[in-house]
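Notebook open, structure loaded. I want to go through the helix packing and then the DNA contacts.

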There are 2 protein chains.
Amino acid sequence: MPEILLIEDDKTLAKNLVRYLQTEGYTVHTADGQKKGLQLFGTYHPDCVLLDVSLSDGNGFSVCSAIRQSSDVPVIFLTASADENCTVAGFEMGADDYISKPFRPRELIARIQNVLRRHTSATKLLRCQNVIIDPSRGVVLKNENEIFLSALEYRLLLIFFTNVGKLLTREQLADELWTFSGEFVGDNTLNVYMKRLRDKIEDDPQNPSILKTVRGMGYKAVQS
Amino acid sequence: MPEILLIEDDKTLAKNLVRYLQTEGYTVHTADGQKKGLQLFGTYHPDCVLLDVSLSDGNGFSVCSAIRQSSDVPVIFLTASADENCTVAGFEMGADDYISKPFRPRELIARIQNVLRRHTSATKLLRCQNVIIDPSRGVVLKNENEIFLSALEYRLLLIFFTNVGKLLTREQLADELWTFSGEFVGDNTLNVYMKRLRDKIEDDPQNPSILKTVRGMGYKAVQS
DNA sequence: TCAGAATCTTACAAAATTGTAAGACAAAAG
DNA sequence: CTTTTGTCTTACAATTTTGTAAGATTCTGA
């Protein structure tokens, strides 16, 4: 299912790679140079780019940085040798991985799967006990069912779930919620929001198992 | 500033690595075995783990999968040789990268920086023209200033910003916003939300430059 | 046990959100 | 040009969110 763009001017290698990648189920587009590569990139928006560093019409670094202008698609460099400078320069250009020729097909597949896994899991879920935030949809689930939070409740829960296990003081929480607008909210307001949030996400709001009070300090979300 | 946990039972190598990493500004904790490694992991919550695959008291894979139970911290395997099976198995265990001994210190640093960059940029911003969503805070900025969106407006904008350039049909949008609750909303409701959203994020809502109408089809967010 | 402090709970108005309806407007087709 | 279709705009009530106040409850230390 994933689409791969291969930018490689060694025609024999390219042909072999295409065939191998296709047998693994990938759709492959091939370009034999920089210009064609960027053009195809614009056309197909591939899920992963395999990029030869030593193209005849310019080096791969410039292609990579051009791609990075508009996209954070995973890029894997194909290097002629395990040249350290190459590696370092490639990473600095925003490459996600590199592999030195000659390489074993199996290893290339492993690296492709690896960067794809990492990239797609960018839509990471935040989880604490039976409650899940899906930040990429702005949605909260409790036991698989969606629950409604208001904008402020959502942001408050987000703070806790990105800091599970950490103590958050009242001041930190209030700052994060209200500082932006320079608003002054009363001292008790946070208490009220904590209660509202607990009422919505806790199984037993009177005995919270997720959002714990740390008396005199603040609150923290606990994993179990 | 970042903390690194090194799990390595070759004392000489460990000592050299620690010294080198420290000169590069990292704080390093060292463990000479599986048990100690997991213990230190729990204590320090490092930003990155360097893990020897061949520990005397058990292989590194089990350590990696133990770590993955509770954390998605980046793990880099140190392998005795460029053994393909090792590589593949490591990635399947959730490793983020691997490096074969002997390796050049500069390359290790490059790989560490690479995984750290990737990992911290998990708090990725979604950007389209002069409007930015910070999903990790649930906040929307226009020209550096925070603007308020209601819960539904936020989710609607999130759909557009995770699909910049793509046409989204009315049906797709309505499904994504209202299907969960099985609600039936009127045919015109989405129009009204589009207007409200444009009024808040567009410089000239009558001539939207971000959220474009595609007559007969739906809408799309455009990069420029 | 008691007093003081911290947190929780309830109740309340002001403000904002939500969904609908009715008409205005704009683009495409006849 | 006129009609039709699709989208935009405005206005409106029901509901929800938001912040505050006042009192209840719980915890801690003397």
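Predicted model: local features only at pLDDT ≥ 70, side-chain atom pairs only at ≥ 80, totals over all residues.

Started with the contact between α6(A) and α7(A). From α6(A) I get A:Leu152, A:Arg155, A:Leu156, A:Ile159 and A:Phe160, and they meet A:Leu173, A:Glu176, A:Leu177 and A:Trp178 in α7(A). Sorted by class, the residues of this contact are seven nonpolar, no polar and two charged.

Helix α6 of chain A covers residues 151-161 and helix α7 of chain A covers 170-178; they pack at an angle of about 135°, with their axes 10 Å apart. The two helices, α6(A) and α7(A), are therefore oblique to each other. I also checked the hand: α6(A) passes α7(A) in a right-handed crossing.

Over to chain B for its α6 and α7. Here helix α6 (residues 151-161) and helix α7 (residues 170-178) of chain B pack at about 135°, and their axes are 10 Å apart. That pair, α6(B) and α7(B), is therefore oblique too. The crossing of α6(B) past α7(B) is right-handed. On the α6(B) side I list B:Leu152, B:Arg155, B:Leu156, B:Ile159 and B:Phe160, and on the α7(B) side B:Leu173, B:Glu176, B:Leu177 and B:Trp178. The class count for the contact of α6(B) with α7(B) is seven nonpolar, no polar and two charged.

Stayed in chain B and asked how α7(B) sits against α8(B). Their axes come within 11 Å and cross at roughly 85°. That makes α7(B) roughly perpendicular to α8(B). In this contact B:Arg170, B:Leu173, B:Leu177 and B:Trp178 of α7(B) meet B:Thr189, B:Leu190, B:Asn191 and B:Tyr193 of α8(B). I count them by class as five nonpolar, two polar and one charged. B:Leu173, B:Leu177 and B:Trp178 were already on my list for the contact with α6(B), and they turn up again here facing α8(B).

Which residues are closest to DNA strand D? Of the 26 that surround it, the closest are A:Ser150, A:Gly186, A:Arg196, B:Thr213 and B:Tyr219.

A polar backbone atom of A:Gly186 is 2.5 Å from a phosphate oxygen of DNA strand D. B:Arg198 puts a polar side-chain atom 2.7 Å from a phosphate oxygen of DNA strand D. For B:Gly216, a backbone N or O atom lies 2.9 Å from a phosphate oxygen of DNA strand D.

By element, α6 and α8 (189-201) of chain A and α8 (189-201) of chain B each supply at least two residues of the surface near DNA strand D. That surface has ten nonpolar, nine polar and seven charged residues.

I find 26 residues surrounding DNA strand C, and the closest are A:Thr213, A:Tyr219, B:Ser150, B:Gly186 and B:Arg196.

Where does chain A reach phosphate oxygens of DNA strand C? A:Arg170 has a polar side-chain atom 2.9 Å from one. An N or O atom in the side chain of A:Arg198 is 2.8 Å from a phosphate oxygen of DNA strand C. A:Gly216 uses a polar backbone atom, 2.9 Å from a phosphate oxygen of DNA strand C. The elements giving two or more residues to the surface near DNA strand C are α8 of chain A together with α8 of chain B. I noted that α8(B) gives the largest share of that surface, five residues. By class, the surface near DNA strand C divides into nine nonpolar, nine polar and eight charged residues.

Technical notes. Residues numbered from 1 in each chain as written. Chains lettered and ligands numbered in written order. Heavy atoms only, no water. Axes fitted to C-alpha atoms, helices over the stretch in contact; angles between N-to-C directions. Helix = DSSP H or I, 4+ residues; strand = E, 2+ residues; numbered from the N terminus. Parallel < 35°, antiparallel > 145°, perpendicular 65-115°, else oblique. Left-handed = near helix turned anticlockwise from the far one by under 90°. Contact = heavy atoms within 4.5 Å. Nonpolar A, V, L, I, M, F, W, Y, C, P; charged D, E, K, R; others polar. Near = heavy atom within 4 Å. Polar contact = N/O pair within 3.5 Å; in protein donor to acceptor, adjacent residues only side chain to side chain.
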